[in-house]
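Let's take a friendly walk through a protein structure, one step at a time. Have a look at the picture, and then we will begin with a single residue.

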Amino acid sequence: MIRTTVTLFLVCLTYIISVNVQAQEVTIELGPDEIGLNETFSIKVTISNDKIKSYDEFPDITGFQKQGLSQSSSMNVINGQVTSTNSIIQYYKPNRKGTFTIDPFIVKINGNDVSHPGKTVNVVDPRSSQRRSGAFDAFDDLFGRETREEPEFIEIEDDAFFASSVDKSEVFVGEGFNVSLAFYMSETNQAPFQFYEPGRQLDDILKKMKPSNAWEENFNITNIQPERVTLNGKNWVKYKVYEATFFPFSDGEITIPSIAWEMIKYRVARNPTFFGSNRMEDFKTFYSSAKSVKVKPLPPHPLRNEVSVGVFQLRENIKDFEAQTGEGFSYNFGISGEGNINSISPPKTQQIHKLNTFDPNVRQQINRGAGKITGIKEFNYYLTVNEPGEVNLKDHFEWIYFNPALAKYDTLRPSAVVNVVGESKVNQAISRQRLGGLYDLIEVESNKLSYQRYKYYFSIFINLLLLASVILLAVLIIRKSNNG
């Protein structure tokens, strides 16, 4: 018993040492030079004494179609020395007979480039079903067997679908509606799936899906996380891949077309083995149904082409409710709620003689969550008052918007009242202001006197002189004709 334990310890120690000291070796092996039209060709990449952590796409071969990927691993113990290999195999199916050239190619394995000079493959007539000379298996490497049937991979029926959804069937112009794309699998689904290049697929999808007449607020999903949901009394796992809220600019109809979404769906071995690959990579495309949203025009209003649309509240902030004449104070007019925060414009201001308003500083915050766009936009004003008394800010500020929940226009007005004390500064304010009108022309106009009245009389005199000349000429002509 002790001897056996010592022996196992030495074997394990030898394995650990050998794994650390042996150099990693990566090889590329191609299938046979000649295959039948009903056979498969393969490219096999093998790495020794390490795992395959990452790899690039295998090359495309003219005249062949990629069929799927499989992985295998093996371990050998020779004279107490343990070695291991890991392989990944890309299968190709020929499309037609002929001679095809595989150009030199490079495959990146675990971040390192591995090259192969390529070869020529001859595809002949279909052959009878038998052992294919180009097949690989981990047991062949482990036990030295040269003949073994390829594993048979079968497709398991899945219980999954891909869907697009909208939270509203009709909206007003400027009112937001939420759009999401998600992949659903039932909790009882047995078919193995994996996402296939979701970023690239989304780029292509959004080029076709985004409406041209709407503002997009993207929720920017960076990690696809599972979410358990119940649909029609059945439990599903939802993987949301895209979510955004659209705010239409004009009335009409916005259509979300049918979306194609590709997933990696693995075929599994009919007779699984301990070594070798028990599944093969394949693909399946799911299609969502189209959706449409009706966009209604806003009711008649003088400002309907300018107002924001949403459910908003006023959040005003003022620190000093008492001010001195001629001295400034800050007032914050904040608009918060649900809607297109970017489109919120400053409030309308009514100019009051004793209140001066300067252009505001603007700050906004947008929150995306729970299928909604919420946030706040703040307009921070600097105000000065030149005359004592109470100043009701509601007489100076107002913000008109359309509330789609109530289907009517509404106005936000301040409630703050500022008590202004001190002497009147109106005259001082006027003296500091820039003089306009006649005073602006002093520097640019000529200082020579202009007699406009005499120009008028001179013009009348000339016209009378011309008229008299015409009359005199007519008289002379008449007399000459009578004398003649």
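Start with Phe172: its relative accessible area is 11%, so this residue is buried, since buried means under 20%. Keep in mind that you are looking at a predicted model.

What lies around the ring of Phe172? One partner is Phe402: the two ring centres are 5.0 Å apart and the planes stand at 70 degrees, so the pair is edge-to-face. This pair links distant parts of the chain, with Phe172 in strand E12 and Phe402 in strand E30 (residues 397-403), 230 residues apart. Phe402 is buried too, with a relative accessible area of 0%. Over the face of Phe172 you will also find Lys296, at 4.2 Å from the ring centre.

Now follow strand E12 into its sheet. Strands of a sheet pair through backbone hydrogen bonds, either parallel or antiparallel. Here the sheet is open, has 3 strands in the order E12-E21-E18, and shows mixed pairing. Strands E12 (170-172) and E18 (252-256) are the edge strands, each pairing on one side only. From one strand to the next, the twist averages 25 degrees. E18 and E21 (residues 291-296) run antiparallel, with 5 bridges between them; in one of these strands, E21, Lys294 is the bridge partner of Glu253.

Finally, step back to the whole protein chain. Its secondary structure comes to 5 helices and 32 strands, and 38% of its 484 residues are buried. The structure holds 21 aromatic pairs. One of them joins Phe161 and Tyr184, which are stacked with 4.7 Å between centres and 5 degrees between planes.

Key: Residues are numbered from 1 along each chain as its sequence is written. This is a predicted model: local features need pLDDT of at least 70, side-chain atom pairs count only at pLDDT 80 or more; totals for chains, interfaces and linings use all residues. Side-chain values use heavy atoms; hydrogens and water are left out. Two strands pair if DSSP finds at least two bridges between them. Helices (H or I, at least four residues) and strands (E, at least two) are DSSP runs, numbered from the N terminus. Axes are lines fitted to C-alpha atoms, for helices over the stretch in contact, and angles run from 0 to 180 degrees between N-to-C directions. Buried means under 20% relative accessible area, exposed over 50%, partly exposed in between (1.4 Å probe, protein chains only). Rings of Phe, Tyr and Trp (its six-membered ring) pair if their centres lie within 6.5 Å; planes under 30 degrees apart count as stacked, over 60 as edge-to-face and the rest as tilted. A charge sits over a ring if NZ of Lys or CZ of Arg is within 6 Å of the ring centre and within 35 degrees of the ring normal.
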